[in-house]
Amino acid sequence: MGLPTRRQFLSQTAATASLAALPIRALSQIQSATTLRAAAASESAASRGLLVGCCVPARALRNDPAYAALVKQQMNILVAENEFKFGPIHPQPTTFFFDDADTIIDFAEQNGMKMRGHNFVWHRALPPWFATYVTPQNAEQVLVNHIETVGGRYKGRIHSWDVVNEAIQVSDGLPNGMRNSPWQKVLPNYIDIAFRTARRVDPHALLTYNDYDIEAEDAASTAKRAAILDLVRGMQQRGVPIDAIGIQSHIHAGPKPDGSHTYGPALTQFMKDVQSLGLKLMLTEMDVNDRDIPADIPTRDAAVADLYSSYLRTTLANKNVLALLTWGITDKYTWLNHEGARKDGQPERSLPFDADLKPKPAFFAELNALKSAPRR
Ligand code: G3I
């Protein structure tokens, strides 16, 4: 890793200010931290007490040793990109497939990392049999059986479960902004059933509601944040257990007039509102989409790194944020080249490491943001 550029030097200077209060040894441990893992939660008094991680595909952990080594070096919490989802883990009504999920959680535990569970209930990644087999009569039994079987298998080994993912879609026009999902159609009270069952099955896991497009200053994000706060208040009034909100943080570089690519006061307020409801926060799937930035790589990387810096300065300032996970760690493996890819066909550069596993400006931005984050 070469000398810091002028931009890295400036952001490092800002970071140094908040460290002045720390004892010399702790200070040197933070400043010398060169990995995200060390910066976030080194075993020292200087520890930020933060969890830093990423999503991983089992096949890359198995077949790409350099990738596995990078994940091990940089992360202290992992989440499966797809392997814990309903479809992949429950391919037939009475059949479960745990090999890929086991690969990931075993890797995490063997390397001293925590593990997130993603997810029990979602409108996507459902198995083909769901549409023909699940009815209003058996939907509750199917859901409870799924959570008991999957949650039971990993009981006590999961830091936090995304019990329900992306259940709000205000534009569907349903009451309370609910998404008109396959679950909503067959089991309207599925959210309460899922959270109650998850608490019973794995009492130690932080039960999380996870969603996207709740970060920006635009009207749609504002409506979605309000619907999520109402959902939580309703659950709490009904005595339904919930411990945390996952802010996915799939954000976009390159500001837009409607505020949809601007992240600031509204998000800060939402995080305070969540805190006032007694819930914790996690940034669960961060990446910075660069499709609106011209193809020139230094320009793209600078814009992406700038947004990592500003977004993490805003969000990690809230000590209620327990964890920061990126949706991947290297541009070699990112969903962004499959869903909503760049029009110019150039591969996305949305993550801390490039496709050759080399650190990018985004890596230094994330590293410095962790170093200057207030201790939890
Ligand atoms: O495993 C099958 C493979 O057998 C088959 O040959 C291939 C071709 O169709 O598909 C493979 O499944 C794909 C799977 O990723 C594994 O690669 C699915 O089609 C594809 O839809 C799935 O995409 C995942 C997507 O969620 C849907 O589950 C992405 O990798 C994953 O990054 C994305 O992640 C979501 C989060 O879970 C929730 N928030 C948004 C985020 C991005 O969409």
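This is a predicted model: local features need pLDDT of at least 70, side-chain atom pairs count only at pLDDT 80 or more; totals for chains, interfaces and linings use all residues.

Q: How many helices and strands does the chain have?

A: Helices (H or I, at least four residues) and strands (E, at least two) are DSSP runs, numbered from the N terminus. The chain has 15 helices and nine strands. Of its 376 residues, 56% count as buried, where buried means under 20% relative accessible area, exposed over 50% and partly exposed in between, with a 1.4 Å probe and protein chains only.

Q: At what angle do α9 and α11 pack?

A: Axes are lines fitted to C-alpha atoms, for helices over the stretch in contact, and angles run from 0 to 180 degrees between N-to-C directions. Helix α9 (residues 139-153) and helix α11 (residues 190-201) pack at about 30°, their axes being 9 Å apart. That makes α9 roughly parallel to α11, since angles under 35 degrees count as roughly parallel, over 145 as roughly antiparallel, 65 to 115 as roughly perpendicular and the rest as oblique.

Q: Which residues of α9 and α11 meet?

A: Contact means heavy atoms within 4.5 Å. On this basis E140, L143, V144, I147, E148, G151 and G152 in α9 meet Y190, I193, A194, T197, A198, R200 and V201 in α11.

Q: How do α12 and α13 pack, and which residues make the contact?

A: Helix α12 (residues 219-237) and helix α13 (residues 265-276) pack at an angle of about 0°, with their axes 11 Å apart. That makes α12 roughly parallel to α13. R225, I228 and L229 of α12 make the contact with A266, F270, D273 and V274 of α13.

Q: Where is A317, and which residues does A317 touch?

A: A317 lies in the loop between α14 (297-316) and β9 (321-326), and A317 is partly exposed, with a relative accessible area of 48%. Not counting residues up to four places away in sequence, A317 touches L312 and P374. A317 and R375 are 58 residues apart in sequence, and their C-alpha atoms are 9.3 Å apart in space.

Key. Residues are numbered from 1 along each chain as its sequence is written. Side-chain values use heavy atoms; hydrogens and water are left out.
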